[in-house]
Number of protein chains: 4
Amino acid sequence: MEKPYYIGVIGAGDCSDSTYKHARNLGFEIGKKGWTLICGGLGGVMEGAARGCIEAGGITVGILPGLLKDSANPYIRIPLPTGLGEGRNLLVVRASDILVSIAGGYGTLSEIALALKMNKPVIGLETWKNIQGIQYVSDPSEAIERVTEFVSSG
Amino acid sequence: MEKPYYIGVIGAGDCSDSTYKHARNLGFEIGKKGWTLICGGLGGVMEGAARGCIEAGGITVGILPGLLKDSANPYIRIPLPTGLGEGRNLLVVRASDILVSIAGGYGTLSEIALALKMNKPVIGLETWKNIQGIQYVSDPSEAIERVTEFVSSG
Amino acid sequence: MEKPYYIGVIGAGDCSDSTYKHARNLGFEIGKKGWTLICGGLGGVMEGAARGCIEAGGITVGILPGLLKDSANPYIRIPLPTGLGEGRNLLVVRASDILVSIAGGYGTLSEIALALKMNKPVIGLETWKNIQGIQYVSDPSEAIERVTEFVSSG
Amino acid sequence: MEKPYYIGVIGAGDCSDSTYKHARNLGFEIGKKGWTLICGGLGGVMEGAARGCIEAGGITVGILPGLLKDSANPYIRIPLPTGLGEGRNLLVVRASDILVSIAGGYGTLSEIALALKMNKPVIGLETWKNIQGIQYVSDPSEAIERVTEFVSSG
């Protein structure tokens, strides 16, 4: 069986309504395409993306910083407690084939940097600015276009 | 949504036909119960358990030592490449609520020890002998009985 | 016994002569002050800083990505092989009380981000620009002043 | 410069006086030989070994489960906080060239197993019994003999 593509969605655990909506739209498209969503499993952008993905019938994996599955948001189907704290950021990146960063703080920046270090594509939507290597887009549908191109070329 | 129980099945990547059959039977019951199978994603016991679980319509997670999803056995639905080598053993244990050990070498022994250190129950079937704390059983159905008791009491 | 301060010096494994010199000057002052140098143990900025620190009679710890002590640069007195690849970046940050970033690529950026996420001070010298939270300085002696202030206030 | 040999000493954080004495004697010989002691940095066997090593003028590294240097015992010269919990056991093993296990509980057993998995020699003194691969000895001086043989043949 061919393995499905894993799309990492990264962003802060706390976000504005408009950012949440972006994440949810993006997650919906990921689910519709049959890709698997990888994220950090908590709130904010991670919840928005997981919610959208589930609404489209997709699969959502949450790689959690703590030791308890219950710390995952309600839209995570496969919560994975690691107990590694910020160390789980590395695992989010290693598990993803490509990442989309939406807004985000320092944790997100660490994931962007690790992904670029590993030569994985990073699509950026209203996220950390002026980081060479990020492919900046202006809305979720443009992000999906970029992911689709990547998947097609893979 | 209530999170499903995660049953870790641990054992060597290479095993005898009879051990593989045990693993497959065990995996089948795990899938039938609606629990999620957690394992190291490679061959032998991990493959047998994942195969049985999939045959019963269950979900299988493989936490891989390497960087590539394709290193997972064909019955893993959620392969997670970690790039941590033996470091992934810790993650198998941290993600599992309870573990069943079937046969196994040193890697398996490290997982048994980490699980007991974290006070997680370990059921043992034809595995490392004389380790205080392992609940030894003599066949897969007895292992499932023990897991069922644990889940019921949870 | 009071534990010594750990000063993390982060930067790329390949760097210009002038950056190397900056790192070496900084390392020298770290050694002279009796602090311990923490770094990633490889070449470039890490080597420059370790070399300076050793020249001043200091102690140098290199937290290595690979499995072999011999991958450390010759100025590392305590090489620690981790086999975690980029995962060792987290350990460099967790071990450091304060970090100085000199130039650097994506790996360095991931360390900056993790440090800021953990509320550890990050001094920046000719490094990633416009990252809110970095305390930018213009030469090694100003970096040492900032570290000294931090240590004094600790 | 040739890198010094790293001798891992593993065992429980709580131990009897006689076990502590064994650890201290062993640590003393390690320090006298000019080898570096690697351990988990906490009490019991780890403290005994570090104490002996320091008394002989040696160097002691403690790879700590928590986030604070101060959790190390007073005889650790290079405390390394990792925040990885039991995950630090892997790092103790990866950093060591050879390990000596004295008494010990499940954490120690996980280190023994990981070391044997990585084909590193494990010398056992009053430790987990009947583990194939452990080189059992009956006192610290015999342990040192075995380590010396290993170092000479390296």
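C:F150 is partly exposed, with a relative accessible area of 24%; buried means under 20%, exposed over 50% and partly exposed in between (1.4 Å probe, protein chains only). This is a predicted model, in which local features need pLDDT of at least 70, side-chain atom pairs count only at pLDDT 80 or more, and totals for chains, interfaces and linings use all residues. Residues are numbered from 1 along each chain as its sequence is written, chains are lettered from A in the order in which they are written, and side-chain values use heavy atoms, leaving out hydrogens and water.

**Aromatic pairs**

- Over all chains, the structure holds eight aromatic pairs; rings of Phe, Tyr and Trp (its six-membered ring) pair if their centres lie within 6.5 Å, with planes under 30 degrees apart counting as stacked, over 60 as edge-to-face and the rest as tilted.
- One of them joins B:Y5 and B:F150 edge-to-face, at 6.3 Å centre to centre and 80 degrees between the planes.
- This pair links distant parts of chain B, 145 residues apart: B:Y5 is in the segment before β1 (6–10) and B:F150 is in helix α5 (residues 140–153). Helices (H or I, at least four residues) and strands (E, at least two) are DSSP runs, numbered from the N terminus.

- B:Y5 is partly exposed, at 21% relative accessible area.
- B:F150 is also partly exposed, at 25%.

**Charges over rings**

- The charged end of A:K69 sits over the ring of B:Y6, 3.9 Å from its centre (NZ of Lys or CZ of Arg within 6 Å of the ring centre and within 35 degrees of the ring normal).
- Likewise, the charged end of C:K69 sits over the ring of D:Y6, 3.9 Å from its centre.
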